[in-house]
Amino acid sequence: MPERRMVAPAADGSVLAQFNNILAAAAPELAGHVRAVQFDADIGRLDVTPDAPAYGTQLRWRAPELIEAADERVQGANVRAVHIQGPGPPRRPPTRPCIR
């Protein structure tokens, strides 16, 4: 394709769009508990966020399978690393000012 000045479709959007299918193939027990945040196609890094630290630990063990599933399902993805971000802080309801 380069000789015709054609460029392969960007894999970054496809990896994010197909993340649920990728995760279901690699680690079905984590489906619904991990979400993809960003994919940097230049370095092949997929950033994900688990719902809880326990899911992050399981994901660390299953990262090679996740990488393999992403590369099989998204043409040209070339995922090389999974970066697992910590779960976000718990959300608290907004406080109301005390009126006296």
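Biologist: What should I know before I start?

Modeller: It's a predicted model, where local features need pLDDT of at least 70, side-chain atom pairs count only at pLDDT 80 or more, and totals for chains, interfaces and linings use all residues. Residues are numbered from 1 along each chain as its sequence is written, and side-chain values use heavy atoms, with hydrogens and water left out.

Biologist: What order do the strands of the open sheet have?

Modeller: Strands of a sheet pair through backbone hydrogen bonds, either parallel or antiparallel. Strands here are DSSP runs of E, at least two residues, and helices are runs of H or I, at least four, numbered from the N terminus. Two strands pair if DSSP finds at least two bridges between them. In this case three strands run S1-S2-S3 with mixed pairing. S1 (34-40) and S3 (81-84) each have a single partner strand, so one side of each lacks a neighbour in the sheet.

Biologist: How many bridges join S2 to S3?

Modeller: Four, and S2 (residues 45-50) runs parallel to S3. Val-48 sits opposite Ile-84 in S3.

Biologist: Which strands does H3 touch?

Modeller: Contact means heavy atoms within 4.5 Å. H3 packs on the sheet, touching S1, S2 and S3.

Biologist: And Gly-56, is that buried or exposed?

Modeller: Buried means under 20% relative accessible area, exposed over 50%, partly exposed in between (1.4 Å probe, protein chains only). Gly-56, in helix H3 (residues 53-73), is buried at 1%. Leaving aside neighbours within four places in sequence, Gly-56 contacts Pro-50 and Ile-84.

Methods: Axes are lines fitted to C-alpha atoms, for helices over the stretch in contact, and angles run from 0 to 180 degrees between N-to-C directions.
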